[in-house]
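Please open the model in your viewer and keep the selection tool at hand. We will go from the whole chain to the ligand and its neighbours.

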Amino acid sequence: MLRRTPEWSSGTDFCMGTVFSQRAYGVNSRGAVRAALREVRRLEGLFSRFIESSDISRLNAAAVADHGRGARGVRVRPETLRVLEASLEISRLSGGAFDVTVAPLVALWAAGEVKTALPPDDAVKPSYKPPSDEAIAHARALVGYRSLTVDAASGFIRLASKGQMVDLGGIGKGFAADRVLEVYRRRGVVSGMVDLGGNVALLGGKPDGSPFTVGIQDPDAARGECLGFLPLKDVSAVTSGDYERYLEVSGKRYSHIIDPRTGYPVESGLRSVTVIARESMIADGLSTALFVLGLERGLELLRALREASRTLHDYRSVEAVFVTHTRAVHLTPGIADVYTPLVPLSVTSGWSIPAGII
Ligand code: AMP
Ligand code: MG
């Protein structure tokens, strides 16, 4: 019997430090949504640096306990190996703008971090003092993705020096979003969407075959108010921005994304960058990298990735939407024709930046 109104199931939960919402369509959707939640919780148990028994915590603890040197490191699950290998690849491709060992700096700056978007007045923590230059220099010396060894064959990973730390905050949610779609597929779901704290991943299109609509959040407006939207199918769209999580001290806003090369929160002229890629993990890692690099160098990276060869992952069809401090929107060429603006702002596209946009 033909069903006129397709069945669907949805869920909203708190996972990986953020809101996890999902919607799956079809007769198998109920079990799929439940199984997906279990899977994300399981991955959080492997990836979180705040859960003592996680793979990442064991790695970080080993780097404190045995000074790293000569030690064999810790043995971890295949999922952790995979996300770390991708992290190292993105670290390398982005010239260290993304750095999976940035945690000592993140921890230093996060002492007073505000985790959700709040009205600016509430976001001010009067007692918070930005770290001293000495503390920043000390933490910065511990950061360097080349110090992380991932031996996929043996399953062992290790950090070279005492005090080094890995943080999957910039990429782990993307991996989890990919796994949710995997769970859906395995259970016979062919249409669904996931939003894991700004990591949107789409399985197919809507049940009627039309694309899903993914909005680009207006950084200055309430959540859900968008600058424009993209019709998308079977891809992931991941946003890194300065508006969801930040710290404001004496009127100055500090991003939760740190430039590993300076040791300071990023000030790259961007309010947000949304990356569209087939793999959510890749979109996640790259959106963090591009936020660090800024518009000009970000476009250069994306263009160079069109030719990337001998990589573990495919970077050739990655697209991006940049929103600048001047509220201008810049698109990579492949999505210029499908972006629909909702507010009257400057919208440009291409591999070079038009004059006056930043
Ligand atoms: P996202 O929201 O995906 O851009 O990731 C931001 C999170 O990634 C932060 O909360 C940190 O945990 C971590 N992070 C901050 N700066 C970097 C960086 N330069 N490279 C990799 N991860 C970072
Ligand atoms: Mg990211």
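Here is a tour in a few selections.

This is a predicted model, in which local features need pLDDT of at least 70 and side-chain atom pairs count only at pLDDT 80 or more, while totals for chains, interfaces and linings use all residues. Residues are numbered from 1 along each chain as its sequence is written, chains are lettered from A and ligands numbered from 1 in the order in which they are written, and side-chain values use heavy atoms, with hydrogens and water left out.

**Select the chain.** As a cartoon, the chain shows eight helices and 17 strands (DSSP runs: H or I of at least four residues, E of at least two). Of its 358 residues, 52% are buried, meaning under 20% relative accessible area with a 1.4 Å probe, protein chains only.

**Select ligand 1 and its shell.** The shell holds 17 residues, each with a heavy atom within 4 Å of the ligand. Asp 99, Asp 167, Ser 240, Ile 258 and Thr 288 are the closest. Which helix gives the largest share of this shell? Color helix H8 (residues 280-305), which supplies three residues.

**Show the polar contacts** (pairs of N or O atoms within 3.5 Å). At Ala 97, a backbone N or O atom sits 3.0 Å from a nitrogen atom of ligand 1. Taken alone, ligand 1 exposes 500 Å², and the protein buries 94% of that (Shrake-Rupley method, 1.4 Å probe).

Conventions: A polar contact is a pair of N or O atoms within 3.5 Å; within protein, one must be able to donate a hydrogen and the other to accept it, and residues adjacent in sequence count only if both atoms are side-chain atoms. Buried means under 20% relative accessible area, exposed over 50%, partly exposed in between (1.4 Å probe, protein chains only).
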